Amino acid sequence: MILHTPTILILFASFVTAMLGIYGGIFAFKAARVSGGDITTDQITDLETRTRFLLIIVSVVIVVRVLAMPIFYWALESAVPDLPGAMCGFGVSQVVPGLTRLLQYLQFPVLFLGVGWLLLNTLDSQTRHQPFLRRKLYAFAAISIPIILESLGDFYLFFSLKPPPGSGLSCCSTVADVASRPTALVAGIFLGPGGAELAINAYIIATMVFLCFLILVMWKGLWRLPYLVISCILAVILIPVFWVALLEKIAPLMMNLPYHHCIYCWLKTPPGAFAVAAGFLLGVSGVGWALVLYLQGGNEEVKTITLKYIRRLFVFSFSTMLFSFLVVVTHLFMAGYYGAMV
């Protein structure tokens with residue numbers, strides 16, 4: 001086991017969220033079943049008291065799990081000096097490549113579901129009769145499963161992390177900088193020859209379309225299901241466009257390394273990398289959270305409160321996406337003006 005500050009933090013966070021997640025998931029399922037049957041007044045009072053405590057535990061689990069996401073990559077990077085051959089977080093990820101890849105795939109669904117649950121809980125707590133209480137309990141019982149799996153996976157990965165036997169780990173360039181890398185192939189298939197150069201233009205156009213549609217919805221007050229669905233569809237389309245543009249053009253530009261396409265090196269090199277990644281991730285998630293809240297339904301009181309949150313989420317989504325976009329455009333302008341990369 002390789003111990004550094006971020007490794008200790010991720011081990012502690014994973015252990016806490018796994019244990020509390022197991023307890024919370026089991027109790028949430030039991031409480032949801034009880035709340036749907038015929039119960040006495042004393043049982044209702046006892047259930048409400050225990051449920052309030054449960055909701056605090058659940059909120060702690062989700063918040064810690066969300067905060068653990070950037071610590072995960074910090075912990076990978078902190079282990080680089082202790083692993084022969086590793087040049088960045090990519091090399092560390094090759095110690096247990098299958099598990100590391102799976103954990104990275106789990107992070108974003110867990111983030112979306114966890115924050116979505118927190119929003120639903122906040123919305124429900126502002127109503128008089130908490131109509132979504134049972135739904136919240138069942139929802140956490142379901143999402144506690146990926147949260148627990150991710151937490152246990154993180155704990156196992158960093159607890160068992162050690163230098164592998166043999167000659168060491170491979171450099172990220174052997175995977176990220178070859179012509180057969182997936183993003184280069186995808187860009188070539190959809191954009192044709194020179195697709196990597198066109199990827200940044202596709203990202204700019206797709207992002208501007210997304211932002212303009214959000215402005216239209218907010219300006220005209222189009223808070224109806226078709227427009228929320230279209231917003232989510234545009235966000236889903238934007239994700240692969242951004243990913244290809246990021247690895248093919250944005251990351252090399254921001255690192256000022258024209259032929260290097262490693263996402264791990266990008267995250268640790270330019271100061272604006274985290275702003276671009278976090279802003280984009282929150283930007284596409286905001287409209288998704290808005291749709292989730294809209295689909296909950298409810299009476300007029302609930303719909304009024306829900307509309308308030310949907311409006312805020314659209315403003316949040318627009319602001320974070322615009323911020324991410326402006327950071328990218330600023331680097332494009334600087335590169336073109338100073339000639340670092342065109």
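User: By class, what does the lining of the largest cavity have?
Analyst: Six nonpolar, two polar and two charged residues. Nonpolar means Ala, Val, Leu, Ile, Met, Phe, Trp, Tyr, Cys or Pro; charged means Asp, Glu, Lys or Arg; the others, Gly among them, are polar. Note that this is a predicted model: local features need pLDDT of at least 70, side-chain atom pairs need 80 or more, and totals for chains, interfaces and linings use all residues. Numbering runs from 1 along each chain as its sequence is written, and side-chain values use heavy atoms, without hydrogens or water.

User: Which residues line the largest cavity?
Analyst: Ile62, Arg65, Val66, Met69, Gln107, Val110, Leu111, Gly114, Ile147 and Glu150. Helix 2, helix 4 and helix 5 (133-159) each give two or more of the lining residues. Helices are DSSP runs of H or I, at least four residues, numbered from the N terminus.

User: What volume does the largest cavity have?
Analyst: About 70 Å³. On a 1 Å grid over the protein atoms alone, a 1.4 Å probe fits in a cavity but cannot get out; a pocket is open, with protein on both sides within 12 Å along at least five of seven lines; lining residues have an atom within 4 Å of a point. Volume is the space filled by probe spheres set on the points, joined across faces, edges and corners.
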